[in-house]
Structure formats: structure tokens, C-alpha cells
Amino acid sequence: MDKQSHRKIIHIDMDAFYASVEQRDNPELRGKAIAVGGSPEGRGGVVATASYEARKFGVRSAMPSKRALQLCPHIIFIRPRFAAYKEVSQKIREIFRRYTDLIEPLSLDEAYLDVTLDKQNIGSAIDVAKLIKEAIKDELQLTASAGVSINKFVAKIASDMNKPNGLTFIGPSSIESFMEKLPVEKFFGVGKVTADKMKRMGLFSGIDLKKLTEEEMVAHFGKGGRFYYQIVRGIDNREVQPNRETKSIGAEDTFAYNLTEVNEMNAELDKLAQTVASRVQSYQLKGRTITLKIKYSDFRQITRNYSVTEPVNDFITIANAAKKLLLATEPEDKRIRLLGVTLSNFGEIIPKQKSSDNPEQLELF
Ligand code: DCP
Ligand code: MG
């Protein structure tokens, strides 16, 4: 690779975002195990995020609150305040804008920045990341983690490596050896099903993936294979796209065994709807069309849509629509190996500022 042509990419991700904002705004919660979302006494719902104090007990995002309470009996559940998170999100974007105009937000708390142009003549992308972290700390009393590299994928992996309050640089000369050690499930676009397939083939980390030719990768993993082939060699030419728009947000799951009971199918649809709802909420979007995808045991696939008049993003509406669509397919005695739920047809809430690295959808490459 030619040194001159390297881009400078920073990935910023706020630490325990919703929980940190709650602890900042309510000093009594500082130093305590808290969960945002879910309900006290574990009466249903899932945790959106947990403070680092609660994570020590194993509490994680998307965990049912009942389970969170079992792991950490003194946990405090807090109702989310999306308006407060959105305000912080806008403020961090203002900070980013001091250093670059090429900002691609991935959600309220996460963004890619291309700082190649070096708007303020700082000289080094590591220093830019440091200044951004300092501004977030001084002006917003919050911490972020940053990853710095020459492409999006490596920057994103790097920002996650030393959380919380981390700053990790992975330079061009260390990328390949870094990729070789990376477990397959960490590769961009590799979901659980692909990761399991790779492991069954004896492929556990980047070094194993490198043994396959590009043709073999495509033969085994479809179009995604070509991307994995490049990324494992440290090549990711995706641009930072400031105006990328999200067209749909979905989640799907392939089951270890075929589902035959409608109750089981509905329970899965609840889980998928929950994932879609929290994701759509974190992108500050609402959509009008709910789509159900079904793959049967014979690999036949169908999709069914349902549109509502007013845009929605709540779990109940998405789950109910998906269940209604399922019922209309006469699911009794059918054998289902995959279910997917997608929300689309978004109304503009924050125009032209959304984007998504959506692993569930990338699985479909
Ligand atoms: N979120 C959610 N449901 C999920 C995952 C996340 O509602 N399943 C929300 C709450 C998070 C925010 O999105 O605070 C950002 O998600 P992250 O994955 O970046 O998680 P955190 O910022 O909470 O923690 P970390 O320090 O690991 O980044
Ligand atoms: Mg975060």
C-alpha cells in the first residue's frame, strides 16, 4: 500500500451511553449498578444498556430485565429519556464538526469520521481523536472510546478494544497481523450463522480465513465472501458517507431446529421485534411498513408486508403486526427454519443523518 494514499479514519463510540447520561444527570446514580430500560421486579422488557458497575455482574444490552435482576439483585432500573440522548448526540456531532465535515453517524452514540483532510491542521489523527475525547469530557462530562486506523472496519474494531475511555491506534503495518488473530465472529458482516458455519469448517480466526482463495470464499459464503476475503487482508474501501440514509432496519434469526409450534414462533417474533424496536429508536426513526420473512425447512421463502397509517417504532406495534402476518400464512404444522422482522418506509425525523452497519442485514449480502 502506498503511504500517501492512506486515509485517516476515526470511529467514536460513547461508553455505556444511555447509562452514563443518566449517571451524569443524577449524581445519586453515580458508581451504582443501573440498567436503562426493562422494568423493576423483572416484569418483562429488556435492558437497553447497563452501567459498567452492572456489567461486572454480567448484565448486558438486550438481556431480559428478569435475568438482569437475578444476576444483580441491587440493580436500579431507569426509564429511558430519548430526548436527553438525542441532545447529547447532537452535541457530540458539533464537536466532530470542528475537526471534519465527513461524519457518518451509525446511531446516536457512534460515528465514523474521515479526518484525512485535517481541517484544523492538527497533524495526526491520534491527536484529533484525543482532542475530541477531551472536548466530550470537558463539555459534556461523558467519556467516549476512539479507534484510529486507515479504514472503517479496523477503526471500529479498535474503538472497542480498550473500552471505556479508550484510544486505540492500529497502524498500517500492524493491520494484517491484527486481522490474523481476530476471531471470525468479529469480522464485519459475519453473523452467528456464518460464524458457526466457519467454525464447522475449522475456520476460527483471520489466519484460517486467509487460507481460502477468493473463489472458495464466495462459493462458501456468497457475496459476503468477497468482502471477508478483502477485509481479512486489511482492505476496506468503504467511504465515510455523511449523507447515507437508512432505508430499512431488520433482524432475523435462523434456528438450530425447525419451529413447528405457533407459540414458539410468536416468542421468536417478540424477540426480533424487540431488537428492531430498540435499534430503530436508537436511530431516531419511525417506519410505516412492517415486513415478515419466513424461510421454511425446504428453503422456500416468503415475505409479507403490513403498513400502518402513522409511522411507528414501538415494540408492541411491530410485534403485533409480525404476529398477525404470521397467522395469515397458516403457520400450523409448517416447519420454519428462519424468521425475520423488518421496519421500513421511514418518516424523516432527523433528515439525512442516519446510516447503518447492520450485521443482520449484511448476513443477506
Ligand atoms: N441500545 C439499545 N439496545 C441494544 C443496544 C444498544 O437500546 N440492544 C442503546 C443503548 C446504548 C446505546 O444504544 O447505550 C449505544 O449502544 P452501544 O452498543 O454503543 O452500547 P453502550 O454505549 O451502552 O456501551 P459501550 O460502552 O459498550 O459502547
Ligand atoms: Mg457505546
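Start by selecting Arg238 and Phe188: the arginine lies over the face of Phe188, 4.2 Å from the ring centre. Bear in mind as you look around that this is a predicted model.

Next, pick Arg233 together with Tyr229. Here Arg233 lies over the ring face of Tyr229, at 3.8 Å from the ring centre.

Now for rings that meet other rings. A pair of aromatic rings is described by the distance of the centres and the angle of the planes. With centres within 6.5 Å as the cut-off for a pair, the count comes to eight aromatic pairs. One of them is Phe82 with Tyr85: the ring centres are 6.1 Å apart and the planes stand at 85 degrees, so this pair is edge-to-face. Colour helix α4 (residues 82-99) and you will find both Phe82 and Tyr85 in it, three residues apart, about one turn of the helix.

Then select Phe153 and Phe187. Their ring centres lie 5.8 Å apart with the planes at 15 degrees, so the pair is stacked. Phe153 belongs to helix α6 (residues 152-159) and Phe187 to the loop between α7 (172-181) and α8 (192-200), so the pair ties together parts 34 residues apart in sequence. Phe153 is buried, with a relative accessible area of 3%, and Phe187 is buried at 2%.

Note on methods. Residues numbered from 1 in each chain as written. Chains lettered and ligands numbered in written order. Predicted model: local features only at pLDDT ≥ 70, side-chain atom pairs only at ≥ 80, totals over all residues. Heavy atoms only, no water. Phe/Tyr/Trp six-rings, centres within 6.5 Å; stacked < 30°, edge-to-face > 60°. Helix = DSSP H or I, 4+ residues; strand = E, 2+ residues; numbered from the N terminus. Buried < 20%, exposed > 50% of the residue type's maximum accessible area, 1.4 Å probe, protein only. Lys NZ or Arg CZ within 6 Å of the ring centre and 35° of its normal.
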